[in-house]
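I opened my notebook and looked up a few things in this structure. These are my entries, in the order I made them.

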Amino acid sequence: MASKPTENWRAYLAETAREVAAGTLPQEYASVADLYPESLLRATDAALETFEDEVRALREPYDVAVFGTVERVVLALNAIDRDTQHGGPHFCTEEREQLCAYIDLTLSEHKVDVAALAAGRGIDRAAITDRWRDW
């Protein structure tokens, strides 16, 4: 199973905190926790879990159904990214790449041919989220 990007973000936070505590990173790195507030991590996990559930429920990966699951997770992530309770936009380049890779990998793990799916829409595999993505 693909690991959620939030697992990477939590590991980064923990490693940074350990290094600051050990004195191997300057104290100003302690504010890195602001990048990934717990509310953002929980909301992102919930959106990705819903996506996983929807992908598991696909019986035949018809293009419309698969793209519907992609659209819903991307719109959910857009809302999370814009939600001011998390302190403002958080999904930057690195996070965007991790989220898109996770969506692709999750689909692939459930026997969706992402390359063929994208080709059927005349887009590159890496662009399957672009139509809806704000982050």
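**Core.** I began with the largest nonpolar core, which has 32 residues. Leu 77, Phe 91, Ile 103, Leu 107 and Ile 128 touch the most other members. A nonpolar core here is a set of buried Ala, Val, Leu, Ile, Met, Phe, Trp, Tyr and Cys residues joined through side-chain atoms within 4.5 Å. Buried means under 20% relative accessible area, exposed over 50%, and partly exposed in between (1.4 Å probe, protein chains only). The largest share, 7 residues, comes from α3. Helices are DSSP runs of H or I with at least four residues, numbered from the N terminus. I noted a general rule: in soluble globular proteins, nonpolar side chains tend to be buried together.

**Method.** The model is predicted, so I kept its limits in mind: local features need pLDDT of at least 70, side-chain atom pairs count only at pLDDT 80 or more, and totals for chains, interfaces and linings use all residues. Residues are numbered from 1 along each chain as its sequence is written, and side-chain values use heavy atoms, with hydrogens and water left out.

**Ile 128 and Val 114.** I listed the contacts of Ile 128, leaving out residues up to four places away in sequence. Contact means heavy atoms within 4.5 Å. Ile 128 touches Phe 67, Val 70, Ile 103, Leu 107, Val 114, Ala 118 and Ile 123. I followed Val 114 next, which is found in helix α5. Is Val 114 buried or exposed? It counts as buried, at 1% relative accessibility.

**Helix α4.** This helix covers residues 93–109, 17 residues in all. From first C-alpha to last it reaches 24 Å, close to the 24 Å expected. The expected span is 1.5 Å times one less than the number of residues. Its buried residues include Leu 99, Cys 100, Ile 103 and Leu 107. The buried residues of α4 pack against α1, α2, α3 and α5. Lys 111 follows α4 and has a positive phi, near 70°.

**Cysteines.** How many disulfides are there? My search of the whole structure found 0. A disulfide is a pair of cysteine sulfur atoms within 2.5 Å. The sulfur of Cys 92 is 13 Å from the closest cysteine sulfur, in Cys 100, so it is too far for a bond. Cys 92 counts as partly exposed, at 48% relative accessibility. Cys 100 counts as buried, at 16%.

Conventions: Helices (H or I, at least four residues) and strands (E, at least two) are DSSP runs, numbered from the N terminus.
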